[in-house]
Amino acid sequence: MDTTKLNNIEKPVSRVGLGTWAIGGWMWGGTQEQESIKTILTAIDKGINLIDTAPVYGFGTSEKIVGKAIKEYGKREDLTLITKVGLDWKNEHPFRNSSKQRLEKEIEDSLKRLQTDYIDVYMIHWPDHKVPFDETAAVLENFKKQGKIKSIAVSNYSPEQMDQFRKGGQLDVLEPPYNIFERDFENELLPYCKNNDIKTVVYGAICRGLLSGKMTKDRKFEGDDLRKADPKFQDDRFSMYLKAVDELDKFARENYGKKVIHLAVRWILDKGADVALWGARRPNQLNVINDMSGWQLDESALKAIDKILEENITNPVGPEFMAPPKE
């Protein structure tokens with residue numbers, strides 16, 4: 001497994017990390033605890049030592065499952081754990097809340113659910129405009145002085161918002177959405193992070209399963225599955241994206257002997273992100289992980305991929321639908 005370094009984290013981290021939103025069950029049709037624990041332990045066995053979770057993933061469920069898996073594994077110091085703060089909820093409806101009171105309560109709740117006395121990377125989940133960003137940073141700096149966290153991060157922030165945040169404290173990591181189909185990260189965020197020594201851990205690597213190569217036009221999404229609200233999975237646009245997936249899969253097979261799912265992650269890493277998060281909820285979804293390492297995409301390959309996108313995606317749409325209410 002390829003590794004890299006995150007700021008203020010002593011040990012190298014795997015460049016593919018485990019994302020546990022689906023493990024929380026909320027917006028993914030429920031969860032099975034024992035299978036989820038087995039999934040996390042399988043990921044660790046395959047060389048993944050970075051695990052990303054959040055309180056809002058199942059309203060505590062994901063963190064509790066991650067905590068049980070880490071306890072069963074037994075070597076907490078070998079793992080880098082990311083969790084988040086700054087979202088509150090009422091009746092399972094999240095809203096942004098980065099008040100000092102909320103942050104101080106949530107870190108204690110997260111430490112308890114995760115069964116640990118420190119968090120490696122602590123992240124503001126979404127910017128809360130009701131609280132000055134530099135004040136939020138100062139609260140996290142205090143957590144670091146107390147030894148409760150090691151590294152400070154934000155998710156879904158713009159460069160301007162990060163500028164304001166950094167007035168109140170150090171910023172070590174940004175976590176934005178990024179994949180072959182959702183590329184706004186390249187325009188301003190990636191250069192900003194490179195120029196300011198902010199590491200990048202990106203989510204949505206296979207675009208809610210779209211880049212898995214396993215979806216067909218007749219796929220149905222049930223219950224609270226977030227893809228029911230995702231424009232990419234609706235009507236003609238779904239067919240358009242599936243056609244692009246077919247072409248990308250053909251390109252990967254012909255040029256590398258790989259599949260589109262491998263190409264999707266390799267593309268993220270070779271475009272400059274430090275870590276790509278891989279969402280999984282069953283152990284067999286991790287079978288392809290080791291095929292992400294040991295090869296690279298050169299400039300000609302990246303241009304060929306761009307051409308496939310240009311020829312097939314005539315009406316692109318981003319991940320904006322996922323943003324929680326600002327109020």
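Analyst: Two strands pair if DSSP finds at least two bridges between them, and helices (H or I, at least four residues) and strands (E, at least two) are DSSP runs, numbered from the N terminus. This is a predicted model, in which local features need pLDDT of at least 70 and side-chain atom pairs count only at pLDDT 80 or more, while totals for chains, interfaces and linings use all residues. Residues are numbered from 1 along each chain as its sequence is written, and side-chain values use heavy atoms, with hydrogens and water left out.

User: Which residue in β8 stands opposite valine 85?

Analyst: Strand β5 (residues 80-85) and β8 run parallel and are joined by four bridges. Along this pairing, isoleucine 82 has valine 121 of β8 as its bridge partner. Valine 85, in turn, stands opposite isoleucine 124.

User: Why is β8 largely enclosed by the rest of the structure?

Analyst: Buried means under 20% relative accessible area, exposed over 50%, and partly exposed in between, with a 1.4 Å probe and protein chains only. Strand β8 covers residues 119-124, and it is largely enclosed because, of its six residues, the number that are buried is six.

User: What is the handedness of the crossover from β8 to β9?

Analyst: Five bridges join β8 to strand β9 (residues 149-155), and the two run parallel. Between these strands the chain passes through helix α5 (residues 133-145). A crossover is right-handed if, with the strands pointing away from the viewer, the path from the first strand over the helix to the second runs clockwise. By this rule, the β-α-β crossover from β8 to β9 is right-handed.

User: How much space lies in the largest cavity?

Analyst: On a 1 Å grid over the protein atoms alone, a cavity is a set of points where a 1.4 Å probe fits but cannot get out, and lining residues have an atom within 4 Å of a point. Grid points are joined across faces, edges and corners, and a volume is the space filled by probe spheres set on the points. The lining of the largest cavity includes Lys84, Val85 and His125, and the space in this cavity is about 30 Å³.

Methods
On a 1 Å grid over the protein atoms alone, a cavity is a set of points where a 1.4 Å probe fits but cannot get out, and a pocket is an open set with protein on both sides within 12 Å along at least five of seven lines; lining residues have an atom within 4 Å of a point.
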